[in-house]
Amino acid sequence: GLILPLGTWVMQAACEQIERWRHSALGELVVSVNVSSHQIYTEDFLETVKNTVLGTGIEPYKLELEITESMLMRDIESTIETLVRLKNFGVGLSIDDFGTGYSSLSYLKRFPIDALKIDTSFVRELQSDNDDAAICAAILAMAHTLDLKVVAEGVEVESQADYLREHSCDQIQGYLFSKPVPASSFENLFYDHQRSLKSVAG
């Protein structure tokens, strides 16, 4: 039962960090937070999100909630109602681990989401498995047709990143760029990246 207070703490900490970064050189950043099924199906989840966002003073769109595909399918009508209310409040919504939850694509257009995250299992063998490459290309094409952003997870080598760039993947995350780091280390990574861009441009 610890996931409920832990999930609330994580969301609070993320929103506080967003607000701190707003006043730094990093400026306007969006931060994604994973949501547990235990959280989203509690009666006060929407109020918790609203209170956290309003209490920290951030703009709602700077918080993106990641919900797994299998979680969405547990109680479809109730989930859609909750997601619509979250969307109307202004937070971003993305489907995490897309392609692993056996959901019907007929429901995809009913979920008020902003992004799909391609699961690591499809990215891992991207450069050597034609089936995985085809699945990634299909997800990218479908999502963009639906005006959804696509994020690829688990990118570890340059060849994976090259393939995803060629197919217009919107965002890429993985160890190719960095392992998980504390906020202070992320700031250093950001500044180093900015300096390298200026060096290349110069």
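**Exercise 1.** State which residues of helix α1 are buried in this predicted model.

*Solution.* The buried residues of α1 are G7, M11, A14, C15, Q17, I18, E19 and W21. For W21, the relative accessibility is 8%. Buried requires a value under 20%, so W21 counts as buried.

**Exercise 2.** Identify the residues of the largest nonpolar core that touch the most other members, then list the contacts of V49 beyond four places in sequence.

*Solution.* The core contains 51 residues, and those touching the most other members are V49, L63, L65, L86, V91 and L116. With neighbours within four places in sequence set aside, V49 contacts M11, L63, L65, L86, F89 and V91.

**Exercise 3.** Count the aromatic pairs and classify the geometry of each.

*Solution.* There are two aromatic pairs. In the W21 and F186 pair, the ring centres are 5.2 Å apart and the planes meet at 50°, so this pair is tilted. The pair joins helix α1, which holds W21, to helix α10 (residues 183–201), which holds F186, across 165 residues. F186 is partly exposed, at 31% relative accessibility. For F190 and Y191, the centres are 5.8 Å apart and the planes lie at 75°; the pair is therefore edge-to-face. F190 is partly exposed at 22%, and Y191 is partly exposed at 27%.

Definitions and conventions
Residues numbered from 1 in each chain as written. Predicted model: local features only at pLDDT ≥ 70, side-chain atom pairs only at ≥ 80, totals over all residues. Heavy atoms only, no water. Buried < 20%, exposed > 50% of the residue type's maximum accessible area, 1.4 Å probe, protein only. Helix = DSSP H or I, 4+ residues; strand = E, 2+ residues; numbered from the N terminus. Core = buried A, V, L, I, M, F, W, Y, C linked by side-chain atoms within 4.5 Å. Contact = heavy atoms within 4.5 Å. Phe/Tyr/Trp six-rings, centres within 6.5 Å; stacked < 30°, edge-to-face > 60°.
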